[in-house]
Amino acid sequence: MAEKAELTNTQQLSFKDFKNEVLNDYRIARVSRECSLLGRREVLTGKAKFGIFGDGKEVPQLAMAKAFQNGDFRSGYYRDQTFMMAIGELTPQQFFAGLYAHTDINIEPMSAGRQMGGHFATHSLDENGNWKNLTAQKNSSADISPTAGQMPRLLGLAQASKIYRKVEGLENHTNFSNQGNEVAWGTIGNASTSEGLFFETINAAGVLQVPMVMSVWDDEYGISVHARHQTTKENISEILKGFQRDSDNNGYEIFVVNGWNYVELIDTYNKASKIAREEHVPVLIHVKELTQPQGHSTSGSHERYKSKERLQWEQDFDCIAQMRKWILEFELQDENGNTLKFVDSEEELLSIEKEAKKEVSKAKRDAWSSFTNEIKAEVANAIDLLDRVAQKSSNGTFITKYKNDLASISEPIRKDILVAARKSLRHLNEENFTEKIELQNFIKNAIDSAAVKYSAHLLSESDKAAQNIKAEAPTYASEKNMVDARIVMRDNFEAIFKKHPDALIFGEDAGHIGDVNQGLEGLQEKFGELRVSDTGIREATILGQGIGMAMRGLRPIAEIQYLDYLLYALQIMSDDLATLRYRTFGKQKAPLIIRTRGHRLEGIWHSGSPMGGIINNIRGIHVLVPRNMTKAAGFYNTMLESDDPALIVECLNGYRLKEELPTNLGNFKTPIGVVETIKEGTDITIVSYGSTLRIVEEAAKDLAQVGIDVEIVDAQSLLPFDINHDTVKSVAKTNRLLVVDEDVPGGASAYLLQEIVENQNGYRHLDSKPQTLTAKAHRPAYGTDGDYFSKPSAEDIFEKVYEIMHEANPQKFKSLY
């Protein structure tokens, strides 16, 4: 049936221009589809490890790309390759470079081979780690695989536009926003809307009223599981109708559109863009009747779980097939009665399809050649060196075998080179000649090169790296001004908000009442509800707000009320924030500060001490554990000068203790990764952190009365720990070590012990077995007695130290028991 209606578009195009645009869209769709088809073959032939592709979603992504403007951000998932191609940020060769895991960021710009293909990102930072002009480019925040994991960050990307539009003092931040006119575009598969992160984000965006357009690609399946097992009523837009805004209530605009209808898709996405961009109202677009022609991934075939009828329907209603049909049937009468068509015959489309196949086939070959030629050159160097080594060595027969094995590999990887070289070196242990030294250097250089390819950029490597921020001590008035420690925190935050107009803080109870411990008392009244704000009880999206806003140049401080609640957000911290810089090879950053409070809490759910689990899940985020509020305030001041993310854990039982109020609020800085000796001694070194230090100090006084002189070292930061290796200097003096921690056995205490004994070579100085004193293996029972019998007490510390000294000198220190 011929199309007689005029297309709705935001621009008035001549028919010729419009025709060219439609045919170019079709070309992009065909190129993308061919990438998916060839990509699967590359996995099945062993050239790539795994593949997950965007086939079946091409046409709605073309429509989304048309509404996407410079300055906008995408937070999507691994099926959005067509969109990335349509905005000009992904070529077919780059697509295959990602599939092969090419480690050159210039060739594989999404992640330099650190993520599997289908994870898309643009570069927010230049070669020096400085921000680019994000308003002059189309932006994609770096994808992650965990389903719905892209949602919390999306909330923050959208909220940044609201902040830039409404908060005074940000007018010169023109590299990040054009008066808040940017839209954050999210994409997700229909099955992943079952995740809690989806619903938490949808609810939060409706409350905040931010410019977010959320697209749900609905092909009725999640892996092999049908929508009837995924979603109530099998329809996400149907069950979200309660979010629809009306004349009396804010909410969402909700659109439902078929994913194979090119005309309706363009119209819908233009409407959604206008609403979100101009009104700052979130929009949900439920894109139905999509297909997945190759199934979920290269791990299996969808013929196993789809009926013949469904498979036939997917062929008939494949979005590209439907677009092709529409192009062939399209007719439009102009004002002179002439019939206008996109193509005069099917041959024009066949030509486009043929060229797409050729383009993708060439891109695949070029990407493979680029990937393999680099490695083959390294193989050739290794073979030449091993051949020369074999000629000199008395074990040449063995080395020649390793060389020949390497030469026989038709498609070698770097692992193959190092395996041959390192095994060969074992046979040279008793020999000395020039070629052996060459082999040693070859291996060392290869490992050093691999460190850059596979391990660089976990944290900032710029001048603004946290460890590069110079410490500045607090200064004090000539007359002591002792205050509740919360006042130090409150007044320092006030200084921060005056000094940094792009700083803002948000969390449960953070706004109106000034946080549960009054560390933000009165600051909402002074700086407004957008800079000091309350949130719902939704830790994952509190983190997401912070990540997204930090990615757009703001300096957010996301408050998680208690350390134990961090577990709700740990997945987002671990999978997204901690890996962001690493998985983009240093091309994106989110210098978010996470504020929380803990240490020595009482009760199973408020124990405040799951540090071992935290530090081993969030490598890539600094973990700072100040013992008082002045140290904590200094950490905030330091991190706001840095471009690294950090978790700062304040001592919950320290807000009402007295501290002297500094005079250089907002400026003094606690150094990162530097320990502090808070009591010198000669007999034993005790290392701890946070509130437990006060108990250690109490025990040290009692130990002094029996002739034991304790040296106390405050770790201050766990990630990183003691970059100057000052702890081992203490151990060298005392020759004994005890790590005291309120975490479970094997938690942070084990980490600290490894750092001191192994990494700092503390074992060399020990006259006694290094030991740890930790909490019990369970969570603390409720009440003061629960704390006493679950976590190390002053008496526990006294007796543990006394026991160590008894072993060293049983005559002087008689056994207590």
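Predicted model: local features only at pLDDT ≥ 70, side-chain atom pairs only at ≥ 80, totals over all residues.
**Exercise 1. Locate Arg-600 in the chain and decide whether the residue is buried or exposed.**

Solution. 
Step 1. Find the neighbouring secondary structure. Strand S15 covers residues 593-598 and helix H20 covers residues 611-615; Arg-600 sits in the loop between them.
Step 2. Consider the accessibility. The relative accessibility of Arg-600 is 9%.
Step 3. Apply the cut-off. A residue counts as buried under 20% relative accessible area, so Arg-600, at 9%, is buried.

**Exercise 2. Determine which residues Arg-600 touches, leaving aside those up to four places away in sequence.**

Solution. 
Step 1. List the contacts. Arg-600 touches Ser-607, Asn-653, Ser-691, Thr-692, Ile-695, Glu-742, Asp-787, Lys-791 and Pro-792.
Step 2. Look at one of these partners in detail. The backbone oxygen of Pro-792 lies 3.1 Å from the side chain of Arg-600.
Step 3. Domain 3 spans 482-660 and domain 4 spans 676-808.

**Exercise 3. Characterise how domain 3 and domain 4 meet: how many residues are in contact, and what area is buried?**

Solution. 
Step 1. Count the residues. On the side of domain 3, 31 residues are in contact with 29 residues of domain 4.
Step 2. State the area. About 2500 Å² is buried between domain 3 and domain 4, with 52% of it on carbon and sulfur atoms.
Step 3. Of the area that domain 3 buries against domain 4, Arg-600, Glu-602 and Arg-627 supply 32%, more than any other three residues.

**Exercise 4. Examine the polar and charged links between domain 3 and domain 4.**

Solution. 
Step 1. Count the salt bridges. There are four between domain 3 and domain 4.
Step 2. Inspect a salt bridge of Arg-627. The side chain of Arg-627 meets that of Asp-714 at 2.6 Å, N to O.
Step 3. Count the polar contacts. Between the two domains, 21 residue pairs are in polar contact, both residues being at pLDDT 80 or more.
Step 4. Name the elements involved. H20, strand S16 (622-624) and helix H21 (629-639) each give two or more residues to the side of domain 3 that touches domain 4.

Terms used:
Residues numbered from 1 in each chain as written. Heavy atoms only, no water. Helix = DSSP H or I, 4+ residues; strand = E, 2+ residues; numbered from the N terminus. Buried < 20%, exposed > 50% of the residue type's maximum accessible area, 1.4 Å probe, protein only. Contact = heavy atoms within 4.5 Å. Polar contact = N/O pair within 3.5 Å; in protein donor to acceptor, adjacent residues only side chain to side chain. Domains from an automatic or database assignment. Buried area = accessible area lost by both parts, 1.4 Å probe.
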